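Hi,

Here is the structure I promised to pass on.

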Amino acid sequence: MKRNSNVLIILALAFCTAFLALFLRMDSKENKPKGYVKISVISRDTTGDTMETLRQGMEQAASDMRAEISFITLSKRNDAQEQIRLIQREVLNGTDAILLSAADSEELSYIAEEVSKEIPIYTVESPVASDKVPQSAESKDWSMGRLLGENLIYRGVFGKKILILESSMRCHNIVEREKGLLDAITGGRGEIITAAIGKTEDFKAELTEVVQIYEPDIVVALEPYTLNAAAEALQEKKYGSPKLYGICTTSKTSQYMEEGLIEGIVVQNDFNAGYLSVYQVMKALKKTDATIDGEIEFALIHSYNMYSSQNQRLLFPFVR
Amino acid sequence: MANKIQKLIQYFRKKNIRVLLSMCFTFVAVAGVLLIGTSLFIRFRTANEATVEETHKRIVEQVNLGLDSYLRSIMKVSDVMYFRVIKNCDMLEEGFNSDMNLLYEANRDSLVSIAVFKRDGSLVDAVPLAFLKQTAHPEKQGWFLDAVTKIENLHFSTPHVQNLFNDADYRYRWVVSLSRAIELTYGGKTESGVLLVDMNFTGIEQLFRNAKLGDTGYLYLINNKGEIIYHPRQQLIYSNLEQENNQVAAAYEDGSHIEEFLGEKRMVTVKTVGYTGWKIIGVTPMADMWKDTFQIHIFVLFILLFTSLLLFVANGFISSKIADPILELEKSVKELERGYLDIPIAIGGTHEIRHLGETIQSMVQQMRKLMEDIVIQQEEKRKSEFDALQSQIHPHFLYNTLDSIVWMVENERYEEAIVMVTSLAGFFRIGLSKGKNIITVEDELKHAKNYITIQSMRFRDRFTFQIDAQPEVLGMATIKLIIQPLLENAVYHGMEYLDGEGKIQVNAYLHGQELYIDVIDNGIGIPQEKIEELLKRDTIHRGKGSGIGLRNVHERIQCYFGEEYGLSIYSEPDEGTMIRIRLPQKQYTEDAAVRGEFL
Amino acid sequence: MGKKQNWMILCCMLGLVWLSGCAPSSQEAKKVPEMKVGILVYRKEDTFLGTIVEAFEAAAKYAEQQENIKISVSVMDGRGSQAVQTGQIEKCIDQKYDVICVNLVDRTVAASIIDQAKAAQIPLIFFNREPVKEDLERWDKVYYVGAVAKESGILQGHLIADAYLNNPERFDKNNDQKLQYVMLEGEQGHQDALLRTEYSIRTLVSEGIQMDKLVNDTANWHRSQAATKMSQWLEKYGNAIEVVICNNDDMALGAIDAYKAAKKLEELPFIVGIDGTPPAMEALAEGTLYGTIKNDEQKQAQAMFQLCYSLVFHGKAESDYTLEKGKYIFINYLPVEREIDKVSTGNKEQ
């Protein structure tokens, strides 16, 4: 009898404690917001412009999932060494995760692998050459190149000179884009010329030079930076009037397209890419229990259809 | 089913009363608590839901008011622009740019642009930007077509990117266009055209952002076709990262609805905005609504469990209070059953149980006393029999009798000696009667006769005697040796001091339900006070012969047949004495005689 | 089961509860010193602000490399809406930025922002748009970095006056000894717009030049809006416009755009702006823009950065530039003119 009542008392006490614990926990959960998860985004460009939409997506996701994005740009475009230093610094400074747009897919793979042992590291836009460092979303680069190529063929390339502006070729995504493009247009009846640019700071001058040498009918830029530069060069009438195509976009690109400087662009939904990249990180850190499976769709857009309801959503994210 | 219930009942029956009681109490109490708890809880929940619903309605109502006045202010811009500016203005004489500018500057926060187009889509004037893009084709855009197809109305478009004007900043804004058909005056002639007022989302956004529906609730705006005008997560929906139930919501009536969307139950509050047909939709996930009350849920649950626990403990206590005395009592009774009569009976608990215990206790005491009595009685019986027997073989009697016989033989009175010896033999034979206590009245009378014969011969005919019996009494049963002591008494006390001739009469007859054997003498009689003492057990009475004799007979009769039987003594000094033996009328059987019992 | 064991279990449970309430304390690794700066601009398309932000970022990058520290600069665009900007400030405060630099959308709402920052003890640096003195005095960790707007107006006035006085025939198209001018003003209510407009004309008049205002209007610092306005005026006044005075370079470039669009480049009047942004310098080199007053974004950015740096790492406000009243840093303007005209006017510096 006595033991029985003892057990009962213990039970009641345990019960009360458990309840109190639950109550307190609930309380603290509601009153005390969790700290922000720090995510360092390391760009491969000097400004955020080329990743504008991507960044908007990231910031939206960050505010949804209580993350804090620190967007880091380089002092020199595509400087792999600087990226390595930055990654080391960010890890040392206790960032929770890294999103990397690799300036050099090969050169950065080692450090990215090393970092991946400690904190989640995902690549956006430009991947690294390692299986251990995942991309935040499945790469569509090859398909985008291919789509552009198919469209060129469809429009007719007979006897035309197609100049592909090779820049940032140390980034695998750019290489993929070119592969996709070449895959579609090789064997077509056009002449394919590739030219490496980006050796100096003055893109426009390089472009003008290259165009003057080859006198192409069609110019394809593989990334927005070169695309915009080419459009600006075209605007300044520094060379003839080749048709300009490109992959990916910035807000300037649309303007150039409207002005007729750019013929068409393949655009992917960078907003989604950005959003999903942060989502991936948060998921890897187990800081979110949302399930989001958004597709990163892409489309070929010309000036005449850029305001169709689908395309305007792709080109101009509704961000406030 | 019935079988199971039966089994259950069986099970409970086997359980002891305490467990049963506490189980029943607990069951009832917990059921009560649960019932009360649940009903309170449900009430609370419905009340809560109603409150939330009411609050949300109010919020949506407020947003509606805000939105309405906001849209009206925009419409007013369009109205003023048209009725005050354009109508009064001949385009050939003067422009209306400054007025338009004024309107724009006054509403700069909510407007993106104001523009006037001719019917063919060419720009008449616009603020703040006025260079139409080369690629812009206003006449092909939805708002333009709406305006020219239904010229009497104002038209609000769905959100789209404003793409009409050259902007050196590469700005692309999402706007909602308000368009209407207008008439432009050119030198007195009118020409139709379209007035466009593009509004930005700042105003709408502020209205919708500031209105909070719980923690995760939100508001969005759709047009009558279900297309989203404003949504706090518009881009996510545009990029298919999230879904909204806007198409379904378009069909909702104003008021609150419960819908299930993507596996989530949510409360939707709908309010249609005037004129535009837009709908404000307030969405609150049900889970969110209940999250606020989650603490209360937990609390209620806790209280319920705690109360149950308390009740459980309390019931255990109460039932043990009630049941323990019963159990104790039961245990005592069990002991009793096993034959331990002298253990104490547990008395405790409530009045009823105490009473029960007390009763059992007194019963047991009674029983014990009775049993003790029986033992004493038995002992006494044996003793009196033994006494009786002993008195039979009274050495004086035998000695005197033998002495008389010797005397008769010496005097050659053989006849008499023979009678004497025969009588003596008969006397002893019946007196011993194979150890049986019960004999027939006939035998007893014979025995008496033998005795009285011996005595009368010894006392030389100092007295006469007569033994009469009704024939029907002869076969009846009696205990032996009851008449002889009376005779002995009559002979020694009645005859001894008698001067005249003594007379002893024995009558056996039936009287009512009883059998009477009267022994009557005409001796000196017994004083009254002595009569009373004679039959009393504890009187020590030692006289000649044996007073023990009478008492012994009396007790033996009572011992065998009960208190109502026995001896009655009626005596009158100098007249004589009658001692009456009262016995029940019982036929003699061999069995009963062997067992020696009648009762 | 003994009583002791029961108590043990109880203790364990209590311990667990206690533990669950506490977050595990992270150990401090050897970190690079870090500074989080939020820069909030009213509208990121504003060219001059763009240059300030760029200069600030460059200064931050330089300091990072020089001193092995981490400076994260978050630039946020208010998109011309004070509501948006207020939200961004709240976010900065919530995310515990070390210092916040604000270019207000509406300079009259500074008070509430200062109060919020004060509550969170986060220093505030306003730039370019100056809150009123009363607001700035609400808290001692509020600073303002900008230029003396009045000075830019005076310099602009001098610039025009000198040019005109040196070569009256060239500007006075109709030879009436007056300068017919149009004025493109900045946003209503912006202190710079008011002061620049006021003092440029006042200076011109004080130089003894007769001014004849054709029209003035606000173009909200906006190039395209300025172009729109200018093209309307161009239509109305045509060649009568002798001087276009603009409150900033963007609007001056807009005016030039209007002339280009109207294909009237040969009529291009005397256009002056303020700020000295890179596109303006290009236009200057091209010859379309006559002159501008350099609003020294490098120095302003430098001053801002130094303030941020010293506030975060030294806990007090320090700068190479004079800190007036412990709150204000004013950077001087420099007039910039076309090389060919410079010979005669010289470089007027205060």
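Below is what turned up, starting with a sheet in chain A and then moving to chain B. Keep in mind that this is a predicted model.

Let's begin with the sheet. In chain A, six strands make up an open sheet with mixed pairing, and their order is 6-5-7-8-9-10. Which strands stand at the edges? They are strand 6 (191-196) and strand 10 (298-302) of chain A; each has a single partner strand, so one side of each has no neighbour in the sheet. On average, neighbouring strands here are turned by 20 degrees against each other, if you ignore direction.

Now zoom in on one pair. Strand 8 (residues 243-247) and strand 9 (residues 264-268) of chain A run parallel and are joined by three bridges.

Among the elements of chain B, strand 7 (residues 218-222) has the highest mean, 91, while helix 17 (residues 590-595) has the lowest, 65. Over residues 541-546 of chain B the pLDDT is below 50, and beyond near neighbours in sequence this stretch has eight contacts in the model.

Finally, chain B is divided into domain 1 (87-203), domain 2 (212-292) and domain 3 (375-595). How far apart are the C-alpha centres of domain 1 and domain 3 of chain B? They lie 155 Å apart.

Cheers

Conventions: Residues are numbered from 1 along each chain as its sequence is written. Chains are lettered from A and ligands numbered from 1 in the order in which they are written. This is a predicted model: local features need pLDDT of at least 70, side-chain atom pairs count only at pLDDT 80 or more; totals for chains, interfaces and linings use all residues. Side-chain values use heavy atoms; hydrogens and water are left out. Two strands pair if DSSP finds at least two bridges between them. Helices (H or I, at least four residues) and strands (E, at least two) are DSSP runs, numbered from the N terminus. Axes are lines fitted to C-alpha atoms, for helices over the stretch in contact, and angles run from 0 to 180 degrees between N-to-C directions. pLDDT is the predictor's confidence in each residue, from 0 to 100. Contact means heavy atoms within 4.5 Å. Domain bounds come from an automatic or database domain assignment.
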